[in-house]
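Dear colleague,

I am passing on the structure we spoke of, and below it I have set out what was found when the coordinates were examined. Please read the notes with the structure open beside them.

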Amino acid sequence: MIIDGKGLSNRLDRNMKIEVQALKKRGIEPKLVVIIVGNDPASQIYVRNKHRKAVKLGITSIIERRPEDFTQAELLALIYQYNQDETVHGILVQLPLPKQIDETAIIRAIAIEKDVDGFSPANVGRLFSNSHEHYPVSCTPKGIMTMLSHYQIDPAGQHAVIVGDSNIVGRPMGALLLNAGATVTYTHILTADLPSFTRTADILIVATGVAHLIKAADIKPGATVIDVGMNRDENGRLVGDVDYEHAKDVAGAITPVPGGVGPMTITSLMQQTLELTKVANR
Ligand code: GUN
């Protein structure tokens, strides 16, 4: 089975568009601020895609572009300005940031109720302690949970193996799966004999940025394989961290690249913007 992230994201977007219209009828206008500092080419594309999606759904999107030499103090002042602005529901600072800026300090400065990426220590703490409160979580893992749910893949009791220990994907992904009742194993670049772990996964999540790291032989027959990778191969083609062409014959369900996890990430960001908007107006 191919997990069609693109198709699912389109269906969810249609529902969100209706929800945005309903909110606006009540005088509530969801608003997202995206701050991008410097010229990282991939970030430029991500930010443009987020903005387009927001506009398509009727969500107000403000992009704040600042030059490569923008200072940490200036960025903090910009964040504080939007923390205070009651018309803004979500603040996202695109990563990576230029080297003169301390990412940790920036993430910590975003008001936790507007932290639409779910990166702030308070929200990460809520995730890892499985808090009953509403809190935002990192958008890529959130989108993956939505896909699993829509394809009726219940993580409870299953062995989930995460490959990749990033704060954006790997770590929050493991926490979400643990909260959903999975048995979770974290692996990463230093893991010795990685295939001996991946071959035991009922649900395999791969987020390493290494093209075709996972081969068909590394996958348990029938497993669910979620490929977060977005790499360019030698011909400039977009490929994942999983050797999809061979893996699809072994996996029970698998996400393609492109058209799997990617579209769901942006849809999750928009869902989360709406959730923060609704919480702010409760
Ligand atoms: N850079 C790569 N992925 C992300 C993300 O999910 N959020 C932010 N803010 N920056 C990113």
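Predicted model: local features only at pLDDT ≥ 70, side-chain atom pairs only at ≥ 80, totals over all residues.

Helix 7 itself runs over residues 170-179 and is mostly covered, with 8 of its 10 residues buried. The buried residues are Gly170, Arg171, Pro172, Met173, Gly174, Ala175, Leu176 and Leu177. They pack against two helices, helix 5 (121-128) and helix 6 (139-150), and also against strand 4 (159-163), strand 5 (183-187) and strand 6 (203-206).

An unreviewed UniProt entry places the feature "binding site" at Gly164, Asp165, Ser166 and Ile189. These positions span 26 residues in sequence, yet no two of their C-alpha atoms are more than 10.8 Å apart, so they gather at one spot. Aspartate 165 has 17 C-beta neighbours inside 10 Å and therefore counts as partly exposed; serine 166, also with 17 C-beta neighbours inside 10 Å, counts as partly exposed as well. Leaving aside neighbours within four places in sequence, aspartate 165 is in contact with Gly170, Arg171, Tyr186 and His188, while serine 166, with residues up to four places away likewise not counted, touches Arg171 and Ala207. Arg171, which is a contact of aspartate 165 and of serine 166, is one of the buried residues of helix 7.

As for the ligand, the residues around it are Leu92, Val93, Gln94, Leu95, Asp117, Cys139 and Ile168. By class, this shell has 5 nonpolar, 1 polar and 1 charged residues.

The annotation "Tetrahydrofolate dehydrogenase/cyclohydrolase catalytic" covers residues 3-117, a span in which the chain is 50% helix and 16% strand and the end C-alpha atoms are 24 Å apart. The annotation "Tetrahydrofolate dehydrogenase/cyclohydrolase NAD(P)-binding" covers residues 138-278, where the end C-alpha atoms lie 18 Å apart and the span is 35% helix and 17% strand.

In what order do its 3 strands stand, and is the pairing parallel or antiparallel? The strands form an open sheet in the order 2-1-3, and the pairing is parallel. Strand 2 (60-66) and strand 3 (90-93) stand at the edges, each with a single partner strand, so that one side of each is left without a neighbour in the sheet. From one strand to the next the twist averages 15 degrees. Strand 1 (residues 31-37) pairs with strand 3 in the parallel sense over 4 bridges, and valine 34 stands opposite leucine 92 in strand 3. Helix 2 (residues 41-57) packs on the sheet, where it touches strand 1 and strand 2, and its direction makes about 165 degrees with that of strand 1. Leu92, the residue opposite valine 34, is also among the residues around the ligand.

With best wishes

Key: Residues numbered from 1 in each chain as written. Buried ≥ 20, exposed ≤ 12 C-beta atoms within 10 Å, placed from the backbone. Contact = placed C-beta atoms within 7 Å. Near = placed C-beta within 6 Å. Nonpolar A, V, L, I, M, F, W, Y, C, P; charged D, E, K, R; others polar. UniProt positions renumbered as here; feature names shortened; annotations may be inferred. Pairing = 2+ DSSP bridges. Axes fitted to C-alpha atoms, helices over the stretch in contact; angles between N-to-C directions.
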